[in-house]
Amino acid sequence: MGIVSQEAIKQFQALMDQVDEPLKITFQNVHQGYLVETFGRFLRAREWNVVKAHKMLIDCLNWRVQNEIDNILAKPILPIELYRGVRDSQLIGLSGYSREGMPVFAIGVGLSTFDKASVHYYVQSHIQINEYRDRVILPSASKKYGKPITTCVKVLDMTGLKLSALSHIKLLTIISTVDDLNYPEKTSTYYIVNVPYIFSACWKVVKPLLQERTRRKVQVLSGCGTDELLKIMDYESLPRFCKREGSGSSRHSQNGSDNCFSLDHHFHQQLYDYIKQQSFINESVQPIKQGSFHVDVPEPAAEGTQIAKTIEYEFNKFGNGNGVSDSFDGLKINGD
C-alpha cells in the first residue's frame, strides 16, 4: 500500500471516529474487524477522495440504520414455498472457492425469470445473501486461509438471454444500485460465460460507459469458460454451467443438492437455517411476521441510468420494440 493510500485511510479513520454510536454499531457488521480493507473499498469506489468516500460510507450506514439491515438475517421469507419460488426464479448460489480463498458465486442471468414474487422479496433475498456473505462466508474464509478475504468472484451465465430480459431491467437496476452504494468493491472479478449474440452486441455499446475500474473487473470468456476458470479454481468449485459445453444454467437439476441455485443445495440450506435460527432468537422480542422486508432504495447514479437506457435501446433494436419496455409496468412493486 502506497504512502498516499495509507494517509487517506488514516484520514478516513479519524473522520469515522467522530460518528454517532448507532452508526458505529452498524459499521461493525460492515467491516467485521477488517477496517483497513473496508476503508480501502469505499476509497476505491470514490477514486481515493476521502471526503467523497466518507460521505458514501455515512450514507451507507444511515441506510442500514433506517432500514434495519442489521436485522435482515432474522427475517425469513415465509412460507417456505414462496422462498423456494424466489430461489427458482432468482438464480444465484455459492459454487465453491477460488484457490486464493475467495467465494465463487454463480449467477444465472439469462434464465432468471423474477416472476414468482414481488420485487420486494427479490431485493430482500439479494441483501440477505450479501449480508450472509459479509458476516458469515467471508469471515469464515479469512479464518480458514489465515488472511483477510473481503471480496468474492462472480461467474455470470448468459444462457437463455432473450429480449424478454428487458422487463427485468428495473429490478436489476434496483439491485445494482443497492450494491453500488452500500456494498462497493465486494467483487474482484466478473466472469461472463455462455454469451449469446444479443449480449455481445449490447456489451460493445455498454462497455465504454463503464468506469475504468469496473471495466478491468469484467472478463467475457469463450464458451462456458472452463479452461480460464480452472486457472483460478479447482474443478469442484466450477458452477455446473461451466463444467461442459452447452450445459447452461439449470433451475431444476435432477440432483438439487448439486445445483447451487437450488434451495436444496447446502449453501442455501445453511443460509435459510441461519436466518431461521436468528429469527427464533428475536422471536421472544417480536413475533415473526409474514410479508416482505421493505427496503428504501436510493436513486441510481446517472451512470447507472444511462447504462439501463442504453441496454433498453439496444435490446429494442433486436425486436420491434412493441410492449417490451412497457413491461416495466407489469413489475409487482407494491404488492406482497
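Visitor: What makes the pair Glu131 and Arg135 a salt bridge?

Guide: A salt bridge requires a side-chain nitrogen of Lys or Arg within 4 Å of a carboxyl oxygen of Asp or Glu. For Glu131 and Arg135 the closest N and O atoms are 2.9 Å apart, so the pair meets the criterion. Being 4 residues apart in helix α6, the two are separated by about one helical turn. Both Glu131 and Arg135 are buried, a label that means under 20% relative accessible area, with exposed over 50% and partly exposed in between (1.4 Å probe, protein chains only).

Visitor: On what basis are the coordinates and numbering to be read?

Guide: This is a predicted model, in which local features need pLDDT of at least 70 and side-chain atom pairs count only at pLDDT 80 or more, while totals for chains, interfaces and linings use all residues. Residues are numbered from 1 along each chain as its sequence is written, and side-chain values use heavy atoms, with hydrogens and water left out.

Visitor: How confident is the predictor, in terms of pLDDT, over the chain?

Guide: The chain averages a pLDDT (the predictor's confidence in each residue, from 0 to 100) of 87, and 82% of the residues score at least 70. Over residues 321–336 the pLDDT is below 50, and this stretch has 31 contacts in the model beyond near neighbours in sequence; contact means heavy atoms within 4.5 Å. Where pLDDT is low, the predicted coordinates should not be read in detail.

Visitor: How do you know that the span of helix α4 agrees with expectation?

Guide: Helices (H or I, at least four residues) and strands (E, at least two) are DSSP runs, numbered from the N terminus. The expected span of a helix is 1.5 Å times one less than its number of residues. For the 17 residues of α4, residues 50–66, this gives 24 Å; the end C-alpha atoms are 24 Å apart, so the two values agree. Just after α4, Glu68 takes a positive phi of about 55°.

Visitor: What makes a set of residues a nonpolar core, and which residues have the most contacts inside the largest one?

Guide: A nonpolar core is a set of buried Ala, Val, Leu, Ile, Met, Phe, Trp, Tyr and Cys residues joined through side-chain atoms within 4.5 Å. The largest has 47 residues, and Ile69, Ile127 and Phe267 have the most contacts inside it. The largest share, 9 residues, comes from α6.

Visitor: How close are the N and O atoms of Lys217 and Glu185?

Guide: The closest N and O atoms of this salt bridge are 2.9 Å apart. The pair links distant parts of the chain, 32 residues apart. Salt bridges that share partners join Arg44, Glu47, Glu185, Arg213 and Lys217 into one network.
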